[in-house]
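Subject: Structure for your review

Dear colleague,

Please find below the structure that I am handing over to you. I would be grateful if you would read the notes that follow it with the model open beside them.

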Amino acid sequence: MAETKDILIDYVLHLADNSMILGQRNAEWCGHGPVLEQDIALTNITLDLIGEARSLYQYAAELKGGDSTEDSMAFLRDVTQYRNTLLLEQNNTDWAYTITRQFFYDVFHYYLQEALINSSDERLKEIAKKTIKESTYHVKWSSEWMIRLGDGTEVSHLKMQNALNALWEYTGEFFIPSTSEMEMQEKGIGADLNALSIKWRSKVEEILKEATLSIPESSFQQKGGKTGMHSEHMGYILADMQYMQRAYPRAEW
Amino acid sequence: MSTKEWPLWEVFIRAKQGLNHKHVGSLHAADLQMAIENARDVYTRRMEGVSIWVVESKHIHASEPSEQEALFEPANDKIYRHPTFYNLPVELNHM
């Protein structure tokens, strides 16, 4: 029984870390967006993601018990304990990379919520019901940017295609199940990643076609994030994110 | 990088069902869809509205400030246009 609980915690943390790390990355844009309105738009999305991550961290902390809190989950775990996929920790680089990364995640995130709404875990179900409204908007926002820039000027098209080529190899990891994802799917708690993969691919192809962008031919795919094997970027993200709690333990607003 | 500015849009928000859309401000956006989304992100983050209208600022036609006298002053001394000469029953509260 204890083991099932640990697997559930691992699964919840994976869901939380994905949104937390992308949120943290996007937050770097705050005050630096290309135009005021898009600065606010991306910050809004970021707040949605971090809000979702909070709900999940709270759940994980309750499951874990003891003196765990949402803060200890977010700020006191080390790199190898983080379960987010590698895509989400990649550098912002420029607006094209940021939008492409966001788009890949938004489509995945949307279908994930759609699946989790039917989870046998009541808490995950409730969180998914709230989150799907947010991710519906996120997909719309990033899809429109993919199309606008992909099918825009010669320069914007080139930048988007470059970002797509660079980030594509990080998309496969969404659908390579970790041990806890497999277990959770069997128990009717987690999402069926195969089914999700088909929906993701079809939506991504539809938008890329309209954006006149093409999927790279190479089939190589990175993995490791879900089991804590992160890229070098991750340490920097956590250093930035966790600095305050590490320097001033249990500091509060 | 292109330095061309995106067009300016005026934003109108309906705070709740039954109320009018009210002008709340303006913003820049490349197209209609982006204008609505930007309005959503800039002006409705704190539950300010249930409906958004946007219109490109260039389509707004305004009255001339120099015509102020001709347009508005004639209404000044026509108090009979205000329905203030009726005796209302006390039960009638919201007039």
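The notes below treat the contact between the chains and then the aromatic rings.

Please bear in mind that this is a predicted model.

The size of an interface is often given as the accessible area lost when the parts come together. Here, chain B and chain A bury about 1,200 Å² between them, with 51% of that area on carbon and sulfur atoms. Three residues, B:E37, B:R40 and B:D41, account for 39% of the area that chain B buries against chain A, more than any other three residues. The contact draws on 12 residues from chain B and 12 residues from chain A.

Between chain B and chain A there are 2 salt bridges. A:K140 forms a salt bridge with B:E37, and their closest N and O atoms are 3.4 Å apart. There are also 7 residue pairs in polar contact between chain B and chain A. On the side of chain B that touches chain A, β2 (21-28) and α1 (32-43) of chain B each supply at least two residues. The most comes from α1(B), which gives 7 residues. By class, this side of chain B has 4 nonpolar, 3 polar and 5 charged residues.

Turning to the rings, the structure holds 15 aromatic pairs over all chains. In one of them, A:F103 and A:F104 are tilted, at 6.0 Å centre to centre and 40° between the planes. Both A:F103 and A:F104 are buried. Ring pairs also join these two residues with A:Y105, A:F108, A:W168, A:F174, A:F175 and A:W200 in a cluster.

Yours sincerely,
A colleague

Definitions and conventions: Residues numbered from 1 in each chain as written. Chains lettered and ligands numbered in written order. Predicted model: local features only at pLDDT ≥ 70, side-chain atom pairs only at ≥ 80, totals over all residues. Heavy atoms only, no water. Contact = heavy atoms within 4.5 Å. Buried area = accessible area lost by both parts, 1.4 Å probe. Salt bridge = Lys/Arg side-chain N within 4 Å of Asp/Glu carboxyl O. Polar contact = N/O pair within 3.5 Å; in protein donor to acceptor, adjacent residues only side chain to side chain. Helix = DSSP H or I, 4+ residues; strand = E, 2+ residues; numbered from the N terminus. Nonpolar A, V, L, I, M, F, W, Y, C, P; charged D, E, K, R; others polar. Phe/Tyr/Trp six-rings, centres within 6.5 Å; stacked < 30°, edge-to-face > 60°. Buried < 20%, exposed > 50% of the residue type's maximum accessible area, 1.4 Å probe, protein only.
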